[in-house]
Amino acid sequence: MTIISIEVNANFHTIGGTNILVKNDPVFMEYRQKWKEWPENFITGSFPLHLDIEASSACNLRCEFCEATISKIGTKSGYMEFDIYKKIIDEGSKSGLYAIKLNSGSRGEPLLNKNIVKMVEYAKKKGIIDVYMNTNAVMLTKELGNELIEAGLDRISISFEGMSASVYEKYRVGAKFEKVRKNILDFVEMRNILKSDIPKIRIQTVGVSEILQDISTYTDYWSNIVDEVALIDSKDYRNVNKDLISDWSCPYLWQRMMVTWDGTISVCGFDYSNDHKLGNIKNTSITEAWNGKEMEDIRKLHREGMAHKVSICNGCPYRTTELLKKERLL
């Protein structure tokens, strides 16, 4: 019998500062324990632990390594309406939802949504313990930063490649190195002035070759400024490998689910084409989608080592990256 392996957070590496996912909060640590144990033991619970919420499908950058650039997604200006967002949070708050992330990976820039502060405030008001955001920080002005801190944002990951304008601007096409660096420094300073413990601030970089050659400079610089410095495995979106058969199973299926800007409930954040729509929040509950037949069928294929038979998983850049890493380690 094939033993299916699941390694949680295998594409993410803390390289400086302190891991902000470890803290003295029993409810948060309960959440993180489930985050690890549910996939490892194929437990789903009645509701996802975490929801990726696409506040905006549009992005203000065209990053060299991003799926949005390569596949021309993220060009449509779609911004989640607050009524849709409210419906998501209302259901989650009644169903044991621990965490949300406003935009996931290459799913657009959340700060483009004019209601972003209101979104953070509402989730905290409804008892979501971990309200988290990914941003490129281009629009992270002093005023907006102050509002996000006061709204109660728990964590923020800021994507920032390299320590030179030449490397940063090569990959973050449309951004200016010095302007964004200043935005980050101003944000840290504002949090310190307000004497706030949150949001915990993580700087992260995709592991592109120029940065890996001198990763210590990047780590040393940011470790003295932010709470955590992280490295994300680079994914090759241009050369995905299909029909790879392996005993690897994706942890996302037991942890989280995606809701796109228009309310579409999707299997995960890598389903850019929405091939596996599970309904829309306007007429389908997240509970129904999470416990529905399609999700169970996908989970079953993953448990049996047949993930390549799921269209969105066959050639998924995350799955491909993890499988190739395993091969190199053998």
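Just after helix α4, Gly-127 takes a positive phi of about 90 degrees. Helices here are DSSP runs of H or I with at least four residues, strands are runs of E with at least two, and both are numbered from the N terminus. The model is predicted, so local features need pLDDT of at least 70 and side-chain atom pairs count only at pLDDT 80 or more, while totals for chains, interfaces and linings use all residues. Residues are numbered from 1 along each chain as its sequence is written, and side-chain values use heavy atoms, with hydrogens and water left out.

Helix α4 covers residues 116-125, and its buried residues are Ile-116, Val-117, Met-119, Val-120, Tyr-122 and Ala-123. Buried means under 20% relative accessible area, exposed means over 50%, and partly exposed lies in between (1.4 Å probe, protein chains only). The buried residues of α4 pack against α3 (82-94), β3 (99-102), β4 (130-135) and α5 (142-151).

## Helix α3

The 13 residues of α3 should span 18 Å at 1.5 Å a residue, and its end C-alpha atoms are 18 Å apart, which agrees. The expected span is 1.5 Å times one less than the number of residues in the helix. Just after α3, Gly-96 takes a positive phi of about 90 degrees.

Buried residues in α3 are Phe-82, Ile-84, Tyr-85, Ile-88, Ile-89, Asp-90, Glu-91 and Gly-92. Their cover includes β2 (50-53), β3, α4, β8 (256-259) and α10 (286-290).

## The sheet

An open sheet is formed by 10 strands in the order β1-β7-β6-β5-β4-β3-β2-β8-β9-β10, with mixed pairing. Two strands pair if DSSP finds at least two bridges between them. At the edges stand β1 (12-17) and β10 (277-280), each with a single partner strand, so one side of each has no neighbour in the sheet. From one strand to the next, the twist averages 25 degrees.

Strands β3 and β4 run parallel and are joined by four bridges. Ile-100 has Val-131 in β4 as its bridge partner. Helix α3 packs on the sheet, touching β2, β3 and β8, and its direction makes about 175 degrees with that of β2. Such angles run from 0 to 180 degrees between N-to-C directions, with axes as lines fitted to C-alpha atoms, for helices over the stretch in contact.

## Met-257 in strand β8

Met-257 lies in strand β8 and is buried, at 1% relative accessibility. Leaving aside neighbours within four places in sequence, Met-257 is in contact (heavy atoms within 4.5 Å) with residues including Pro-48, His-50, Leu-51, Asp-52, Ile-286, Ala-289 and Trp-290. The C-alpha atoms of Met-257 and Gly-269 are separated by 7.6 Å, and the two residues are 12 apart along the chain.

## Cysteines

A disulfide is counted for a pair of cysteine sulfur atoms within 2.5 Å, and the count by this rule comes to zero. For Cys-250, the closest cysteine sulfur is in Cys-268, 6.2 Å away and too far for a bond. For Cys-316, the closest is also in Cys-268, at 6.0 Å, again too far for a bond. Cys-250 is buried at 10% relative accessibility, and Cys-316 is buried with a relative accessible area of 9%.

## The chain overall

The protein chain has 12 helices and 10 strands. Of its 330 residues, 57% are buried. Among contacts with a separation of 6 or more, 74% are between residues 24 or more positions apart.
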